[in-house]
Structures are given as structure tokens and as C-alpha cells.
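Me: I'm new to this one. Can you walk me through it?
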Amino acid sequence: MSRERILPAFLCEFLNPSMPAILTLQNLTKSYSGRLVLSVPAVDIAPGIHWLKGQNGFGKTTLFKVIAGLLPYAGTVLLDGQFDLRRHPVAYRLRVNYGEAEPVYPEFLTGWELIHWVATAKQAPQHQVDALIDRFAVADFLKTPVGTYSSGMLKKVSIIMAFLGNPRLILLDEPLITLDQQATHLVAELIQTGREQGISFLLSSHQDFSLSGLPVESVWQVAQQTLTLVPHTV
Amino acid sequence: MKATLTVLRKTIVQAFYRQNAGLLLLLLFVAGSFMRAAEHIALATYAIHAPAMLLGYIGLWGLYTVHASRFMVQVFRANEFLLLLRLQPVTGRLGSLWVIQVLLLTPVIAYAGFVLTLSLLAHTRIATGMIVGSLLLLTTTPLVWVEYTLLHPNPDRRLSSLRIILLGRFTTPYSLFFIRHLFHRQPVLLLLTKGGSCLLLVGLLWLYPTDEYDIRLPALGALLTGAFHAAIIYELYRFELTQLLLVRNLPVSLSTRFVRYAIILALMLLPELVVLLRNNPVDIDLSAIVGVWVFAHSLLMLHYGLLLTRHRSLDRFMPLVFWLVIGGFFLIMYKLPIWGLAGICDTGAAMYFLRCYYQASWSAL
């Protein structure tokens, strides 16, 4: 049995600093109708919490969607140095979850139906589903169609789904927008707890994450159609 | 007023025609394929001399008007910024809404204009009066509904107790997501497609015993059934890429995904299966008639596979469907076995699906 199986991931990282990057992007390009939007020659992102910055329309959401396997791309996207998005589509997607900035779901489905559907696919245990629903206090609304939800409620459903299963990497696109103060704290708490359990996070936000008390390990900038590391003091 | 009209045209008229392109193309396909120009003229000429028939026409125009007006009301409810229209003077506001209503009813007005021309040439005063009167009513009365919506925004929408019980007890399986979407957002397209497809199959199966036909006749029916469903297949493609993109993040193998789409489309074609089995002529054995259904299903799968290869608008997808119908027609007439045809289509569908599923993406055209 490997060390990773018997020790929590954060301990593995501590004991083995040469652990592979949680996410590797190589020669990654993404174009829309022939117009280049992203070009990332080579980037290794270490395990941890990372903040992705960038002006509106610079390609943060596109990058997230590519990493989540939602959009076609050229190049290589590798998780944990072993799961290639193209060659291991099931194993990769089992370990990478995504919470959208502005979730769009079929309005006739209920929040419960969406969560149940994603939970089954991500192999999430029922107690995890119940715990997340309980913590976000959304049980009263979940059995009504999402077309009746406020933007904050939709966001909570999206974040609940992003934490389902046993992911290695969670991508949260603007996780704090439209949420009330209580939910914002809860999201920060979940990220903190998740990190302690070995989950890595890529967060995009226009707000400063260092103010939320999260141990942000690095800051990345999406600009001029590429991704670069920004000097950051923790 | 010009700025108001531009906003309303882009948010209501363009959105309406974009969303209903499939329905309108289906109507054009049905009207264009079964009837020649002379037959259209004969039918309209009969209608202007028979008020009951003309009332049927007006009823259909009314149904279209209800559909278009309902769409306009939904747009006003979904886009609160449009409520700013209330700040305009009543006459200007009603004028703008009337123009939008006329633009939404363009297909009805065009056809009514054709019938009206025949009526004027034939000097049928009652028919002329009925057509002009109905057009005036159809373009003005829905404005009362729209005006009411503008003055009473955000109505308290309560779910019926039966719906609350159903939503609480049952969970929709993924295979039914799209079918629920059709019932919810595209009921007219669904009704017309299923109605047209089932009526065509019933007609062909009743025709079968009247002469020395063989399995090629129902096979041609299956070929047209596939073509009838092109707009629905396009809707499936649009639905998954715009409203259910999350499905691509789920850890599901390509082969399982392919089987799931096969199940969705099999459920979609269940009414046709029932029609085929209930009206099966005595001298066609069960495996052959099931083969006809499997062939229709494989055509739907092939349409979906083709859509994944490259993003196209619906009007660019329809010529592909047309060429498939032409190719299928010759293969059927050359007596290729029905199960063989189904196998060819399913193989093509699987090939396109496995190669292109993750490459497909929606882009505004």
C-alpha cells in the first residue's frame, strides 16, 4: 500500500517535498473560432491553495473550464503527474471538481436532483451530501426548481457540487460572489478543511483572498493570453 | 422609440426566431415536402370558400400567436431591465410592442397575406373580412397580456401541491433531463415532431396492404422520421452544451456516455415503436419491423454524432440531414437490409461520437 493511501495527503507532502505538481499544463492553447485566447507553454502548480487573478475577459473562466474538461483544447493537462485529461478522462474527472462563477442549470430541475446526479457520478457518500446541504442550510429550498432560486442559492448549489466526492483539485471560479457573509465564511472554512485533507484549490476572484485568512500559497495572473506566477508574500 | 425597438428586437424577436428555428424549419420541411405550390393554392382557395375551414386556419394562426406571445411575456419576466419600458408614455410603449408583435407574427402574416390575396382575387368578402379581422385581433389582443405583465412584474409563482409532492418524492434520472427540457421549453416542437412522425408512419403502414409493397416502404418512413427529428437532435446538442455543460466534468467513460445518449433517443422514439408494433402489417415479421425502428434510432444517433464534429447553426445542419435522406433513399431502394443500414448508421455515429465528443463546444454564430 502506498504512503499516500495510509497518510493524509498534507502529511505526504510534508514528508515528501519532491511530490509531483498537482497540476501540470504543457503547450496548452485554447482558441475560439481561430482567435487565440490562451497559450501556456509550461506551468507546474504545486499542491496548495492558489489564487488566480486577471481582468474581466482575460480568460480565467476559459482556463478553469479547460482544466475541468468542459472545453476542447490543445496541449497537455496533467493531474498529480499521472492523470492526463485526454488519456485518463474518467480518472481525471473523478479527481477534479469545478464550481462555476455564474452557474447555469436547466431551470426545471431541482437543486436536489442536480446534487444527487453529481454526487452519484462523483461517488460521493450520502453522509457527505447531507453534511454539505446541512452546513449551507439549503434543505428547505432544494426540492423546488432551480428556476425559482436567487443567484446566491444557485451559487450555493454549485459550491456544494464542487465539494462532492473525493477530489484532489477543486476549481472555484469567483466562489465569493453573490454569497451572503455567513456563506462566504463557510466557503473559506470548507476550503481550509479541504486543504487539511489534501485537496488543492485553484480560486479565481477579484477580491483579495489573503483577507479571508486562507493560506494562499501562490498567486497566478492570467494576462496577455498566458498564465504567469506573480510574486506573493504569504 | 428607435432605441427601444432595437432592444426589444434583439431581446425578443431575435431570441424567438433563434429558439424556434427548429420548429419553423420543421414546418417548412413538412409543408414543402408533401405539397406542391398548386396544392397549397387549391387548399387556400377551398378555405376562402368554406368559412369553417378558414376558421381552422385562423385557429392555427391563433395557436402560433399564443406561442409567440407567451415567449414575449417570458422574456419580460426573465429580464427585469425590460420593465423600464413602463416609464415610456403609453402610446409609444404600445406602438413599440405592436411592432414587436407584428415581427413575431411574420410567418403567420405572410401566409395570411397569401390567403388574403387569393380571397381578394376571388372577391370573397366574408373570407377577406375574416382574414383582415383575425390579423388585427392577433396583432393587438396579446398586447393586453404583455401590458398586464409589465404592470404586474414578479408574480408570486406557487408550485401546485401535486408538483411539490412529485418533486419531493421522485428524482429525475439523467436520461429524462432532455425530455423534461422539451416538455418545459419546446412543447410545440415536440408535439409537431412526434405528431408528424407518428402520423407519417401510421399512413405508410396503412398504405402497405393496399399494393405489393415490401419492407422498403416502412424503411422510407423511418428515414423521414429521422429527418423530422433533426430539430430535436439539434436541441439536445444545444441543451447539453449551454445548460448542462457540467455533464462533461463527470467521470463517465465515453462508451457509457454513448449508451446514455442511445437511451435518451430510444425514449424519444418510444411512440414510434408503439405505432410500428400496433400497425404492423401481417406479412412483415417482428424482427423486420423492429429493424425499421432501430434504423430510425440509428439515424438520430448519426445526426447527433455529426453535430459533434463541428459547431454549426441549425440552418447549416439541415442540408446535412437532407443529403442523408437522399443517400438513405438510394440505399433503401437498392434493397440493402434494414439491419445493415442501422448498423452502418450506428457505426458512423459511434465513430463520430468517440472521436469528437470532447472536441465539441458551443459558440455563438
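Me: In chain A, what share of contacts between residues at least 6 apart in sequence join residues at least 24 apart?
Reply: 71% of them do. Two residues are in contact if their C-beta atoms, placed from the backbone, lie within 7 Å. This is a predicted model: local features need pLDDT of at least 70, side-chain atom pairs need 80 or more, and totals for chains, interfaces and linings use all residues. Residues are numbered from 1 along each chain as written, with chains lettered from A and ligands numbered from 1 in written order.

Me: How many helices and strands in chain A?
Reply: Chain A has 8 helices and 10 strands. These are DSSP runs numbered from the N terminus: helices are H or I with at least four residues, strands E with at least two.

Me: Switching to chain B. Which domains does it have?
Reply: Domain 1 covers 2-155 and domain 2 covers 174-356. The bounds come from an automatic or database domain assignment.

Me: How many residues of each are in contact?
Reply: 7 from domain 1 of chain B and 12 from domain 2 of chain B. Helix α2 (residues 21-34) of chain B gives the most to the domain 1 side, with 6 residues.

Me: And between the chains, how many residues does each put in?
Reply: Chain B puts in 24 residues and chain A 27.

Me: Which helix of chain B gives the largest share?
Reply: α10(B), with 4 residues.
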